[in-house]
Amino acid sequence: MIQDIAPKVFYNNYKNKKAEPQDLFLSYDEDMVLVREDKDKLWYPSFSDYEKEFPHLADKSQFLFNIDNINYFMVDEKGLDSVDGWVYVSTNKFRTETKYWRSFAGAVGRQLNRWYTNHRFCSKCGNPTKKSDMERMLYCESCGFHTYPTISPCVIVAVHNGSKLLLTKYAGRSYSRYALIAGFAEIGESLEQTVHREVQEEVGLKVKNLKFYKSQPWPFTDTLLSGFYAELDGDDTITLDKNELAVGEWLDRKDIPPADLKISLTGEMMEAFRTGTIEL
C-alpha cells in the first residue's frame, strides 16, 4: 500500500525549524504539484534549486515531516514553474508512482496543504488563525480556538459468501474499476456499527462474523481506513443504492480481476480474497 515505504521511515513529528538549502519542498496549485520536468518519476525541488530566482523562499516555508533524514517543507509562493525545468503536474501521479515514498510524501503533503489552506480563518469567530510553534496546530488569538489536522474514520468492507466476493462500482465517478463497500463512520457509531449500516444502505444486505483486516491512512481524502471482511448473513439479493453505486455483483474468486494498482487497502483486500491468502 502507498504508506509501505520500508526500508525508508516516515516521521510525522512536528519540528519548529527553518529550511536549509538541501531540504525539499512541496508546492501545490490546486490539484497540481511541482516536479522536475525531465524526470520520469516524482522529483521534488530543493531550496537550492531556487536560490537564484527565489532567494527568500526558505524563509516563507512551513515544515511538514521527514522521510529518513530528508526534511520536507511546504511553500505557498506563486510562479515557481517559471523557473526552467520545473512544472506542475496532476496529483494523480501519486497513484502511479512506483516509488511509494515519493508518492506518499506528495499525498500527505497535499493533505496538510488542504488543511492549512482551509483553516486560514477561525471557524468560531472568523479571525485569522496563526501557526503554533510547538505542534502541528492552528490557533485563534482572538477567541482561543485550536484546530488540528482533519482525519475522518472510514470503513472498507469485503462482503463474502463462500467463494464469492461482493464487488461494486461507484456511480457518477470517473473511477471505473471494481471497489468494495465503503463509508464514513457517523457520530456516535462504532466501526462495527458502521460496517453493518453501510452494507445495509448500499446493497441491502446483512452481514455477520466481522473480521478486522488492517488499517490505512488515505491522505487523498483525509481519511483513516479500517478494513473488514464480513460474511453474508441470509439472503444474497442485492438492492443497490443507485445514488452511490452503479454496479453491485457477486464474483467468484477465480473471476475477480487481479489488482493492477497496489496502493490501496481496497485493492489489497480484493487481492487477498482472490488468491485465498486471507483465512476466513
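Contact here denotes heavy atoms within 4.5 Å. By this criterion, 65% of the contacts in the chain between residues at least 6 apart in sequence join residues at least 24 apart. The structure is a predicted model, in which local features need pLDDT of at least 70 and side-chain atom pairs count only at pLDDT 80 or more, whereas totals for chains, interfaces and linings use all residues. Residues are numbered from 1 along each chain as its sequence is written, and side-chain values use heavy atoms, with hydrogens and water left out.

The chain contains three helices and 15 strands, assigned as DSSP runs numbered from the N terminus (helices, H or I, at least four residues; strands, E, at least two). Its C-alpha trace spans about 65 × 50 × 35 Å along the principal axes. The chain exposes about 14800 Å², of which carbon and sulfur atoms supply 47%; accessible areas come from the Shrake-Rupley method with a 1.4 Å probe, and for residues only the protein chains shown count as cover.

An open sheet of mixed pairing is formed by four strands in the order β1-β4-β5-β2. Its edge strands, β1 (10-11) and β2 (24-27), each pair on one side only; pairing requires that DSSP find at least two bridges between two strands. Within this sheet, β4 and β5 (residues 70-75) run antiparallel and are joined by five bridges, with Gln 62 opposite Met 74 in β5.

Strand β14 (223-232) is mostly covered, eight of its ten residues being buried. Nine bridges link β14 to β10 in parallel orientation; in this pairing Tyr 229 of β14 is the bridge partner of Ala 158. With β13, β14 runs antiparallel through eight bridges, and Pro 217 stands opposite Leu 224 in β14. Four residues lie between the strands in the hairpin of β13 and β14, where Asp 222 takes a positive phi near 60 degrees.

His 160 belongs to strand β10 (residues 152-161) and is buried, because its relative accessibility is 9%. Residues up to four places away in sequence aside, His 160 touches Leu 165, Tyr 229, Ala 230, Glu 231, Leu 232, Trp 250, Phe 273 and Leu 280. Thr 91 lies instead in the loop between β6 (86-90) and α1 (100-118). Thr 91 is likewise buried, at a relative accessible area of 12%, and beyond its neighbours within four places in sequence it is in contact with Asp 31, Met 32 and Val 33.

The second largest pocket holds about 390 Å³ of space. Of its 17 lining residues, those closest to the centre are Phe 10, Asn 12, Val 108, Gln 111 and Ile 151. A pocket is defined on a 1 Å grid over the protein atoms alone as an open set of points where a 1.4 Å probe fits, with protein on both sides within 12 Å along at least five of seven lines; lining residues have an atom within 4 Å of a point. Grid points are joined across faces, edges and corners, and the volume is the space filled by probe spheres set on the points. Helix α1 gives the most to this lining, with four residues, while β4 (62-67), β13 (207-218) and β14 are among the elements that each supply at least two. The lining comprises twelve nonpolar, four polar and one charged residue, where Ala, Val, Leu, Ile, Met, Phe, Trp, Tyr, Cys and Pro count as nonpolar, Asp, Glu, Lys and Arg as charged, and the others, Gly among them, as polar.

Notes: Buried < 20%, exposed > 50% of the residue type's maximum accessible area, 1.4 Å probe, protein only.
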